[in-house]
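Work through the exercises below with the model open beside you. Each task is followed by a stepwise solution.

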Amino acid sequence: MIRKFEKEDTEQVMRIWLEGNREAHNFISEDYWVTQYPLVQEQLLQAEVYVYEQDGKVQGFAGMTGNYLAGIFVEKKSRFLGIGKLLLAYIKKVYPVFSLHVYRKNQPAVHFYRREGLSFAGEGIEEHTGEAEYTMVWNKNGC
């Protein structure tokens, strides 16, 4: 079931966030993610976050700041079960227009977003990591 994030979810969500970044972005120093942890935890409480929960356990989440998708993360043992796709479909219903950034080297995520109908809108360099990233967009009306 997908529901809104509650403060009690913080520990599970942050564990999924850290593990997900370590795995998906192994081209970025692990220290970077560890140093970002407190800031992300603070931002989490100010964002619109939706969690996928089953049997009382958070297995994935998606975070929105305005019309910006900050990320979709699914715990490792729950990947490839359609949870990411369900979370993205939920975001598409709530936000008919949104954008996101994805590292160019994170090809599984790039392919996932393309397969789910997002379009490329630009390319740049992420200032904190120096890594190339794509800007991708979703527009329900296809414009």
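Two strands pair if DSSP finds at least two bridges between them. Helices (H or I, at least four residues) and strands (E, at least two) are DSSP runs, numbered from the N terminus. This is a predicted model: local features need pLDDT of at least 70, side-chain atom pairs count only at pLDDT 80 or more, and totals for chains, interfaces and linings use all residues. Residues are numbered from 1 along each chain as its sequence is written, and side-chain values use heavy atoms, with hydrogens and water left out.

**Exercise 1. Hairpins**

Task: find the residue with a positive phi in the turn between β2 and β3, then do likewise for β3 and β4.

Solution. 
- Step 1. Start with the pairing. β2 and β3 run antiparallel and are joined by seven bridges. Val51 stands opposite Phe61 in β3.
- Step 2. Look at the turn. Two residues separate β2 and β3 in this hairpin, and Asp55 has a positive phi of about 55°.
- Step 3. Move on to β3 and β4. Six bridges pair them, again in the antiparallel sense. Thr65 has Tyr68 of β4 as its bridge partner.
- Step 4. This hairpin also has two residues between its strands; the positive phi, about 65°, belongs to Gly66.

**Exercise 2. Burial in β3 and α4**

Task: decide how many residues of β3 are buried, and which residues of α4 are.

Solution. 
- Step 1. Set the classes: buried means under 20% relative accessible area, exposed over 50%, partly exposed in between (1.4 Å probe, protein chains only).
- Step 2. Count in β3. Seven of its nine residues are buried, so β3 is largely enclosed by the rest of the structure.
- Step 3. List the buried residues of α4 (residues 107-115): Ala109, Val110, Phe112 and Tyr113. They fall within an arc of 160° seen down the axis, so they line one face of α4. The arc is that of the directions from the helix axis to the C-beta atoms.
- Step 4. Turn to the other side of α4, where Pro108 and Arg115 are exposed.
- Step 5. Identify the cover. The buried residues of α4 are covered by elements including β4, α3 (83-94), β5 (97-103), β6 and β7.
- Step 6. Read on past the helix. Gly117 follows α4 and has a positive phi near 95°.

**Exercise 3. Charged pairs**

Task: which residue forms a salt bridge with Glu75, and what does Lys92 touch?

Solution. 
- Step 1. Pair Glu75 with Arg15; their closest N and O atoms are 3.8 Å apart. Glu75 lies in the loop between β4 and α3 and Arg15 in helix α1, so the pair ties together parts 60 residues apart in sequence.
- Step 2. Compare burial. Glu75 is buried at 4% relative accessibility, whereas Arg15 is partly exposed at 30%.
- Step 3. Shared partners join Arg15, Glu19, Lys57 and Glu75 into one salt-bridge network.
- Step 4. Take Arg115 next. Its salt bridge is with Glu116, at 3.4 Å between the closest N and O atoms. Arg115 is exposed, at 58%; Glu116 is buried, at 12%.
- Step 5. Finish with Lys92, in helix α3. Lys92 is buried but has no salt bridge, and the nearest side chain of opposite charge, Glu116, is 4.4 Å away. Lys and Arg count as positive and Asp and Glu as negative; His and the chain ends are not counted. Lys92 touches Phe98, Glu116, Leu118 and Trp138, not counting residues up to four places away in sequence.

Note on methods
Contact = heavy atoms within 4.5 Å. Salt bridge = Lys/Arg side-chain N within 4 Å of Asp/Glu carboxyl O.
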